[in-house]
Amino acid sequence: MKKWVPIASGLLAGFVAATISFADFSNSTNNQVASNSTKSDAEKVYVPFGEKDDYYLFASGGHSGQMFIYGVPSMRHIRTVPVFSPDSATGYGFDEHSKKMLGDYTWGDLHHPAFSETNGDYDGKYMFATDVGNSRAAAMDLETFTVKDIINVPNTSGPHCAAFVTQNTEYMFLPTRFAVPIGSEYKPLDDYSDQYRGVMSAVTFDQNKDKLNIAYQVALPPWSYDLSDAGKKSSADWAVMTTYNTEEATTNLEINASQADRDFIVLFNWKELEKMVADGQYDEVTGQKMIFPEKHKGGIYLVPVAKSPHGVDVTPDGKHFIASGKLAPSMTVFSFEKAFAAIEKQDFAGERNGIPIINYDSIMEREVNPENALGPLHTQFDDKGMAYTTMFISSEIVKWDPKTGETLDRVPVQYSPGHSVAAEGDTVAPDGKWLIALNKIAKDSYLSVGPSHPESMQLIDISGKMKVIQSSPVNPEPHYAQIIKADKIKTIEVYPKDENNKLATYKQDQARIERNGNEVHVYGIAMRSKFIFDAKAKRPDVIEVNQGDKVFIHLTNTDFDEDITHGFAINSYNLNIEVQPGQTNTIEFTADKAGTFPLYCTNFCSALHQEMTGYFLVKPKK
Ligand code: CUK
Ligand code: CUA
């Protein structure tokens, strides 16, 4: 077993190293490779053939722009669902609907997944996620595990601090990581404090239309907003988010954004903001309803917190919120109740940018500093309300009691956990039982694949003394994940017939090709094991067009059988889509290349799948 020395790279280690000697804790238990799992542990994660996992894990795919679906406790990778980037395995980004949703973007940086909630419990209907790379938000439908809508968020750059939904999915709040001028116009950085803003968006989702909408925005000060969480139960109308760079530095943030001893948690009442918008308390800018806190007063407060906090997490009972230090080795427990009382009494210590600052001492319940635990980032909870905080620098999970601050247990993980995720962890009633550490560094864990290793997810049994019992590699970058009980998700087996869909063709004799000037519409069928594009043609599986024609292929999979998926690709035309059983999917392109191009089904669908081919003939322009 190799001994691991905490990584001394990057901002976190650099800063903590300046104040704390690593020698102080080099003898602690956290430098061991945890490989002491036993045969009975193996049985706990073994899911025999024919049985299914108890939970789904939805893990952020980071800069792959995708979402990874795993089973828990087996930790088997089940599916990758593309969200913010095209994917040739599923034809995502090629068919008309997904192509339109992605626009010109070919990558995304998916950070925090969030299940839709009803009464503070995951309801298994939708999964939301945000893209830090290109400032988008997405909604995935869990009947089909496909993305239904993507929204581009204006005035914002990198909604890292999201997505966390309110307890009945009323809103998803998208605060920004990077401050930019409103409208992302050009403004010199010397005017940063006056001209830049950290805009937060309140986004709603219409479940009937599968549409995301921006309800309003808030022009917060030009700081970086890092992580947020929605209140629960008695704090359900509220939400919290951490900030850094309240110094408003515009260069060398590593040093300059870490000057002040305190940054802030922004505490806001979204019911009040909603009311302000209804009362016309906003300015219309760039087509958005924008609340300017210095002008439209109310609903937003600042809570001082130890410098550069990272995560903030609301306890399952909704009574407390816990900030994790990042640069300060402590977790700070704040009371919502005390915060409400302080607001009532106007117990303020001045203001910043017109936003009142609540007195720290009035609402802080305790600062918790487990011995030698360094780099606290994020906290999850079990069924008894106990907290589990990831320690990025000392590479461990610390279990502690938020009511007393007492450290209850610790377990080393390999290495440098960012988030961890508990089963049903963000609900009002977490399950206990399982916690998964989402580790940034997996060296020593798997067969080497070169200088860059995968990340790792380590399954921890938390039913008794914490024990790491399984580990699974994961592509970059599991920023966050959520775990939902498997029986909450009800997928469909086939797409139901939709007689109103004019693009669908369910009967073979109705497959046809219609021409309208230089537009060609193919109403075709994919079935085991052939394509029918034109039922009356000599060769029904051939599409012939003229060079320069605009081609629309509407393809219906008439195999109403679970898992009989067909693909459709045209060689050398850079096109590939999938049609699920019963589904009609459209692909639109210009036939700009003349020649003879075989077309074929890309998804192995029957014993005669290899025969499921045809030709796409493009007659050259004279
Ligand atoms: S962040 Cu905290 S470790 Cu994007 Cu949630 Cu990665
Ligand atoms: Cu259809 Cu292969």
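Predicted model: local features only at pLDDT ≥ 70, side-chain atom pairs only at ≥ 80, totals over all residues.
Strands here are DSSP runs of at least two residues, numbered from the N terminus.

Start with Asp563. Asp563 sits in the loop between strand S38, residues 550–557, and strand S39, residues 566–570. Its phi is near 70 degrees, a positive value in a residue other than glycine. Is Asp563 buried or exposed? Exposed, with a relative accessible area of 66%.

Now Ser184. Here too phi is positive in a residue other than glycine, near 55 degrees. Ser184 lies in the loop between strand S10, 180–181, and helix H4, 192–195. Its relative accessible area is 46%, so Ser184 counts as partly exposed.

Next, cis peptide bonds. One joins Ala162 and Ala163, with omega about -5 degrees. Ala163 is in the loop between strand S7, 146–152, and strand S8, 164–165. Another cis bond joins Arg528 and Ser529, and omega there is about -5 degrees. Ser529 falls in the loop between strand S35, 519–527, and strand S36, 530–532.

Now the interior. Take Val81, in strand S3, residues 77–82. Val81 has a relative accessible area of 3%, under the 20% cut-off, so Val81 is buried. What is Val81 in contact with, leaving aside neighbours within four places in sequence? Gln66, Met67, Ile69, Met140 and Phe145. Look at Thr146 as well. Val81 and Thr146 are 65 residues apart in sequence, yet their C-alpha atoms are 7.0 Å apart in space.

Last, the domains. The assignment gives domain 1 at 7–45, domain 2 at 55–488 and domain 3 at 508–619. The C-alpha centres of domain 2 and domain 3 lie 43 Å apart. Eight residues from domain 2 and 10 residues from domain 3 make the contact. The area buried between these two domains is about 730 Å², and carbon and sulfur atoms give 41% of that area. Which three residues supply 63% of the area that domain 2 buries against domain 3? Phe94, Asp95 and Glu96, more than any other three residues.

Terms used. Residues numbered from 1 in each chain as written. Chains lettered and ligands numbered in written order. Heavy atoms only, no water. Helix = DSSP H or I, 4+ residues; strand = E, 2+ residues; numbered from the N terminus. Buried < 20%, exposed > 50% of the residue type's maximum accessible area, 1.4 Å probe, protein only. Contact = heavy atoms within 4.5 Å. Domains from an automatic or database assignment. Buried area = accessible area lost by both parts, 1.4 Å probe.
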